[in-house]
Amino acid sequence: MASSYVVLSLLMPVLVASLMVASASNFYNDFDITWGDGRAKILNNGELLTLGLDKASGSGFQSRNEYLFGKIDMQLKLVPGNSAGTVTAYYLSSKGSTWDEIDFEFLGNLSGDPYILHTNVFSQGKGNREQQFYLWFDPTADFHTYSILWNPQRIIFSVDGTPIREFKNLESIGVPFPKNQAMRIYSSLWNADDWATRGGLVKTDWSQAPFTAYYRNFNANACVLSNGVSSCGTNSSPSTSRTNSWLSEELDSTSQERLQWVRKNYMIYNYCTDAKRFPQGFPPECNLS
Ligand SMILES: *[C@@H]1O[C@H](CO)[C@@H](O)[C@H](O)[C@H]1NC(C)=O
């Protein structure tokens, strides 16, 4: 009796740990590789996904689920060394001609020169809301967490928990906001040397191919839409319970300060300050902050 109790209590942490591993993200469950003819791979029992790019093709994957709002984290480690000309896109998108989209794109660079993190938001087929950033670390040296919080009030892009961009729901002043179309997660690694690095001046060095980007620790606190029904309840007013408090999450004052720190020190392009783009005047959301 006593000894079997000892054995059990010794085993308990092991059992708990293995349950946790079992429920950890598994790329086999959540994603499908959609193109690239073997250049994308799921490895380590589903814990790691890699995308490959060579002269003949890039590769990509997409989520099995469609989400209507969520807080979605993914860890990425980007193409190291001379990644000039390559683009790693990681985004949410719906379908159709009036699609919604929330974008992270990582534009590669020569060894030692900084990646650009490009962001954009499309509502009903219209984008033109680019903001670009340098990062405060080398995104090829290790995995970092890139997150999208998408709830009915706002979209927040974060890097390692630091918000870099907030796109608010300003429908009240006529800015369309993505909130009616479910989106899938997509990612791809492809060649964009006609524009990506220094505006297309630096070409992809194919002698460095194949290029590889790495993904792990996907986590989604999200409302999954299946057959028109949201796992969070009514689509238009999903219920906010303790388990999905992200549905009403906003930036607290510390996060606001972090966001301002990023904007001041790392933002390199903002559509809201690019007067050439908008000869007829800036989009309404630009006149607020
Ligand atoms: C690449 O490095 C150059 C030089 O530092 C920089 O101007 C550029 O913004 C970097 N990123 C891209 C994607 O071109």
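This is a predicted model: local features need pLDDT of at least 70, side-chain atom pairs count only at pLDDT 80 or more; totals for chains, interfaces and linings use all residues.
A residue counts as buried when its relative accessible area is under 20%, as exposed when this is over 50%, and as partly exposed in between, with a 1.4 Å probe and protein chains only. Residues are numbered from 1 along each chain as its sequence is written, and side-chain values use heavy atoms, with hydrogens and water left out.

The overall picture comes first. The protein chain has 289 residues, and 48% of them count as buried. Its secondary structure consists of 3 helices and 16 strands; these are DSSP runs numbered from the N terminus, with helices being H or I of at least four residues and strands being E of at least two. A contact here means heavy atoms within 4.5 Å. Among contacts between residues at least 6 apart in sequence, 65% join residues at least 24 apart. The accessible surface of the chain comes to about 14500 Å², and carbon and sulfur atoms account for 51% of that surface. Such areas come from the Shrake-Rupley method with a 1.4 Å probe, and for residues only the protein chains shown count as cover.

Next come the disulfides, each defined as a pair of cysteine sulfur atoms within 2.5 Å. The count comes to 2 disulfides. One joins Cys223 to Cys232, with an S to S distance of 2.1 Å. Both Cys223 and Cys232 are buried. The torsion about their S-S bond is about -95°, so this disulfide is left-handed. Another joins Cys272 to Cys286, with 2.0 Å from S to S. Here the torsion is about -75°, so the disulfide of Cys272 and Cys286 is left-handed. Cys272 has a relative accessible area of 18% and is therefore buried, and Cys286 counts as buried because its relative accessibility is 9%. When the bonded cysteines are numbered in sequence order, the pairing reads 1-2, 3-4.

A residue is near a molecule or strand if one of its heavy atoms lies within 4 Å of it. The residues around the ligand are Leu107, Gly108, Asn109, Asp113, Pro114, Ile116, Tyr134, Ala196, Thr197 and Arg198. By class, this shell holds 5 nonpolar, 3 polar and 2 charged residues, where Ala, Val, Leu, Ile, Met, Phe, Trp, Tyr, Cys and Pro count as nonpolar, Asp, Glu, Lys and Arg as charged, and the others, Gly among them, as polar. An N or O atom in the side chain of Asn109 lies 2.5 Å from an oxygen atom of the ligand. Polar backbone atoms also take part: one of Pro114 is 3.1 Å from a ligand nitrogen atom, and one of Arg198 is 2.8 Å from a ligand oxygen atom. On its own the ligand has 360 Å² of accessible area, and the protein covers 77% of this.

Leaving out residues up to four places away in sequence, Tyr186 touches Phe61, Gln62, Ala89, Tyr90, Tyr91, Ser93 and Lys95. Tyr186 and Gln62 are 124 residues apart in sequence, yet their C-alpha atoms are 4.3 Å apart in space.

Key: A polar contact is a pair of N or O atoms within 3.5 Å; within protein, one must be able to donate a hydrogen and the other to accept it, and residues adjacent in sequence count only if both atoms are side-chain atoms.
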